[in-house]
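Subject: Structure handover

Hello,

Here is the structure I promised to pass on. Please open it and keep it in view while you read my notes below.

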Amino acid sequence: MCDVPSCPLTCIPFRNSAPNRKSMDSQLKVSEIFSSIQGEGLWAGFPCFFIRLSGCNLRCVYCDTTYAYYGGQPVTIESLVFAWKNSGLRLVQLTGGEPLMQSASLPLMEKLLAAGARVILETNGSFPLSRVPAAVIKVVDVKTPGSGEEQAWMPENLRWINSGDQVKFVVTGREDYEWARSFILSHGLHLFTTVLISPVWGQADPAELARWILEDRLSARLNIQFHKVLWGNKKGV
Ligand code: SF4
């Protein structure tokens with residue numbers, strides 16, 4: 001749950017989410033839920049309901065959600081679907097942490113889809129995408145060397161990425177950019193999906209990144225974290 005005192009948004013409390021007798025398969029450890037503006041990718045600017053799950057298997061050096069590594073509240077799938085419905089928003093994003101660390105994220109996505117949600121999954125690329133429901137929009141990281149987690153990428157995941165998905169490179173500087181460019185061109189990523197290149201907030205210069213993309217005529221989308229432009233780099237937005 002968002003605990004930012006000055007947060008301009010209305011957080012939705014977990015109703016009916018007290019620990020109960022349901023099996024752990026129907027529960028997830030949740031760091032926070034909130035309504036905000038989608039800040040990244042093809043859906044940037046749209047109102048979106050966010051479900052941030054706890055736990056991550058990686059430790060990227062620039063991570064801006066370290067608070068989601070540990071803890072979290074157990075919440076049933078039913079309560080999360082209820083909270084999403086209550087938000088009045090069609091778009092819902094599962095994020096983290098790393099959502100696919102928790103197996104119950106799969107039935108959660110299925111239940112959300114069945115209830116009529118448009119579901120986005122943000123994942124760090126280190127878990128198999130094969131079991132993610134086909135209707136889910138996947139935003140998949142390819143970790144660059146500057147993240148410190150370059151080895152995390154699962155090459156077989158390329159099979160499961162299609163035109164409705166997005167592949168994201170978060171770059172710390174020129175070296176990461178060149179690495180990402182090489183990856184994109186060698187795999188022809190831009191030919192079958194949307195490629196996002198995102199500067200590390202406060203570290204890589206977005207204008208410089210824009211110049212590099214333009215100079216290279218790279219078929220990639222400069223991905224600025226819109227929510228941080230609006231509200232700053234803080235929790236719950
Ligand atoms: S994968 Fe995401 S949540 Fe996990 S350490 Fe990296 S940036 Fe943080």
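Isoleucine 33 stands opposite isoleucine 51, which belongs to strand 2. Keep in mind that this is a predicted model.

Strand 1 and strand 2 are joined by seven bridges and run antiparallel. Strand 1 also has strand 3 as an antiparallel partner, with four bridges. There, lysine 29 has proline 74 of strand 3 as its bridge partner. Strand 1 is mostly covered, with nine of its 11 residues buried.

From the N terminus, the elements run β-β-β-α-β-α-β-β-β-α-β-α-β-α. The chain has 237 residues, and 41% of them count as buried. Take the contacts with a separation of 6 or more: 73% of them come from residues 24 or more positions apart.

Next, helix 1. It spans residues 77-87, and its buried residues are Ile77, Ser79, Leu80, Ala83, Trp84 and Ser87. These residues lie on the same side of helix 1, because they cover an arc of only 165 degrees around the axis. An α-helix has 3.6 residues a turn, so residues three or four places apart point the same way.

Glycine 88 follows helix 1, and its phi is positive, near 75 degrees.

Then look at the largest nonpolar core. It holds 44 residues. Ile51, Val92, Met109, Val119, Leu121, Val171 and Ile197 touch the most other members. Strand 2 gives the largest share of this core, five residues.

Valine 171 deserves a click. Leaving aside neighbours within four places in sequence, valine 171 is in contact with Thr144, Gly146, Asp176, Tyr177, Ala180, Ile197, Ser198, Pro199, Val200, Ala204 and Leu209.

Leucine 222 comes next. You will find leucine 222 in strand 9, residues 221-222. Is leucine 222 partly exposed or buried? It counts as partly exposed, because it has 16 C-beta neighbours inside 10 Å; a buried residue needs 20 or more. Residues up to four places away in sequence aside, leucine 222 touches Ile197, Pro206, Leu209, Ala210 and Ile213. Serine 198 is 24 residues from leucine 222 in sequence, yet their C-alpha atoms are 6.1 Å apart.

Last, the ligand. Which residues are around the ligand? They are Cys56, Leu58, Arg59, Cys60, Cys63, Thr65, Gly96, Gly97, Glu98 and Asn124. By class, this shell has four nonpolar, four polar and two charged residues.

After that, find isoleucine 33 and isoleucine 51 opposite each other.

Best wishes

Note on methods: Residues numbered from 1 in each chain as written. Predicted model: local features only at pLDDT ≥ 70, side-chain atom pairs only at ≥ 80, totals over all residues. Near = placed C-beta within 6 Å. Nonpolar A, V, L, I, M, F, W, Y, C, P; charged D, E, K, R; others polar. Buried ≥ 20, exposed ≤ 12 C-beta atoms within 10 Å, placed from the backbone. Helix = DSSP H or I, 4+ residues; strand = E, 2+ residues; numbered from the N terminus. Arc of directions from axis to C-beta. Contact = placed C-beta atoms within 7 Å. Pairing = 2+ DSSP bridges. Core = buried A, V, L, I, M, F, W, Y, C linked by C-beta atoms within 7 Å.
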